[in-house]
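This report goes through one protein chain, from a single side-chain pair to the chain as a whole. The sequence and structure come first.

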Amino acid sequence: MLTRRHIRVKVMQCIYALVQSKDDSLEKQEKFLKMSIDNMYVLYLLILSLLVELHRMAQKHASHASKKYLATAEDDYPDPEKFIKNRLLQQISNNRLLQEALSKRKLNNWYLNDEYVKILYKEIISSDIYKAYMTNGHDDYEDDRELVLQLFKNIIAPNEKIYDYFEDDKLTWVDDLPIVNTYLVKRLRKTNESTRESFFLPPLLKDEQDMVYANQLLVKTLLNDAKWEEEIEGKTPNWDNDRIAEIDSIILKMAICELLNFHTIPEKVTLNEYLEIAKEYSTPKSSIFINGVLDKLAKEYKADGRLQKIGRGLH
C-alpha cells in the first residue's frame with residue numbers, strides 16, 4: 001500500500017515535527033514514525049468503513065420505506081433496492097476480515113459521528129450519478145462498480161466536512177488523505193465478482209524491509225545532521241543557512257543521507273524521488289534550488305569515490 005516515496009514523506013514529516021517541537025529524543029521520533037505509518041492504514045480502514053455505513057443507511061431507509069403509506073421518489077425507480085443490491089457495496093459490507101480489523105482497532109467512528117454519514121447519504125441520493133444508475137436498466141457487476149467509483153471520486157472524497165473531520169482527528173491525515181483516496185480508487189477498479197475478502201485489506205508495507213528502511217533513514221539523517229549541514233553549506237556559498245527554508249533543508253539532508261548510506265538504492269532513484277517530493281511540498285524556486293544542489297553533490301561524490309552503489313536497487 002505504501003510506496004517508498006510515501007515512506008520518505010513520512011520520515012520528512014517526522015523530522016519536521018522534531019525540529020518544530022525542539023524535542024531531540026530519537027526514541028520518541030521512531031515511535032512517532034511508526035505511529036504515523038500505522039495511522040495511514042487506520043485512515044484506509046475508516047474510508048472503507050464509510051462505504052459500509054452508507055450501505056447500511058440505505059438498508060435502513062429501505063426498511064422504513066416498506067412501512068410507509070405515502071409514495072417517495074424511490075418508488076419511481078424500476079428497482080428501488082438497486083443501490084442496496086450493489087454487488088461491490090455488498091462485498092465490502094459483508095467482508096468479515098474488514099469487520100474484524102475494525103473491531104480489533106475499535107474503529108467505530110461513524111457510529112459515533114453518524115451525522116457525516118447522513119450528510120453524504122443525502123448528497124448521494126440527490127445526485128445525478130445516483131439517479132442515472134437507478135434508471136439505466138443495467139444489472140451487472142461492472143455497472144455496480146462504476147457507480148461506487150463515481151460516487152467516491154465525485155461526492156465522498158471531495159466532501160469538505162469529511163476532510164475537516166479527518167484533519168481534526170489527526171493532523172498527519174491531511175497529507176495522507178489524497179494518497180489513501182487514490183489508492184482506494186485503484187484498488188476498487190480491480191475488483192470483480194470473485195474478488196476475495198483479503199483483497200480489500202492489503203498489507204500496509206510491501207515487506208519488513210520497508211520499515212527497516214524508514215527507521216534507518218530517520219536515524220541516519222538525524223544523527224548526522226551536522227555532517228549533512230556542512231555538505232549543504234559547501235554547495236550554497238551564496239545562501240545564508242537561515243534563508244534556506246526548513247523543509248528544503250530537511251529534504252536535502254535526507255537525500256544526501258540516502259545517496260551516501262543506502263548503497264542498494266540507485267543514485268537516479270534518490271535524485272528523482274526527492275525532486276518530486278520537493279515539487280509537492282516546497283515552492284517551485286525551492287525545487288530548482290534543491291535539484292541544483294543535489295546534482296552538484298552527486299557529481300562530487302562520484303568523482304571522489306564516496307558514491308558506492310551495488311545491485312539493481314530498490315525503489
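## D143 and its surroundings

The side chains of D143 and K82 make a polar contact at 3.1 Å. A polar contact is a pair of N or O atoms within 3.5 Å; within protein, one must be able to donate a hydrogen and the other to accept it, and residues adjacent in sequence count only if both atoms are side-chain atoms. D143 sits in helix 8, residues 141–156. Helices (H or I, at least four residues) and strands (E, at least two) are DSSP runs, numbered from the N terminus.

With a relative accessible area of 12%, D143 is buried. Buried means under 20% relative accessible area, exposed over 50%, and partly exposed in between, with a 1.4 Å probe and protein chains only. Leaving aside neighbours within four places in sequence, D143 is in contact (heavy atoms within 4.5 Å) with K82, Y133, N136 and H138.

## Basis of the model

The model is predicted: local features need pLDDT of at least 70, side-chain atom pairs count only at pLDDT 80 or more, and totals for chains, interfaces and linings use all residues. Residues are numbered from 1 along each chain as its sequence is written, and side-chain values use heavy atoms, with hydrogens and water left out.

Helix 1 covers residues 4–21, and its end C-alpha atoms are 26 Å apart. Buried residues in helix 1 include R4, H6, I7, R8 and L18. After helix 1 comes K22, which has a positive phi, near 60°.

H64 belongs to helix 2, residues 26–65. H64 is exposed, at a relative accessible area of 55%. From H64 to F166 the separation is 102 residues in sequence and 31 Å in space, C-alpha to C-alpha.

## The whole chain

The chain has 15 helices and 0 strands. Its C-alpha trace spans about 80 × 40 × 35 Å along the principal axes. Of the 315 residues, 47% are buried. Among contacts between residues at least 6 apart in sequence, 83% join residues at least 24 apart.

There are 46 positive and 51 negative side chains, and the centres of the two sets lie 3 Å apart. Lys and Arg count as positive and Asp and Glu as negative; His and the chain ends are not counted. Each charge is placed at NZ of Lys, CZ of Arg, CG of Asp or CD of Glu.

Definitions and conventions:
Expected span 1.5 Å × (residues − 1).
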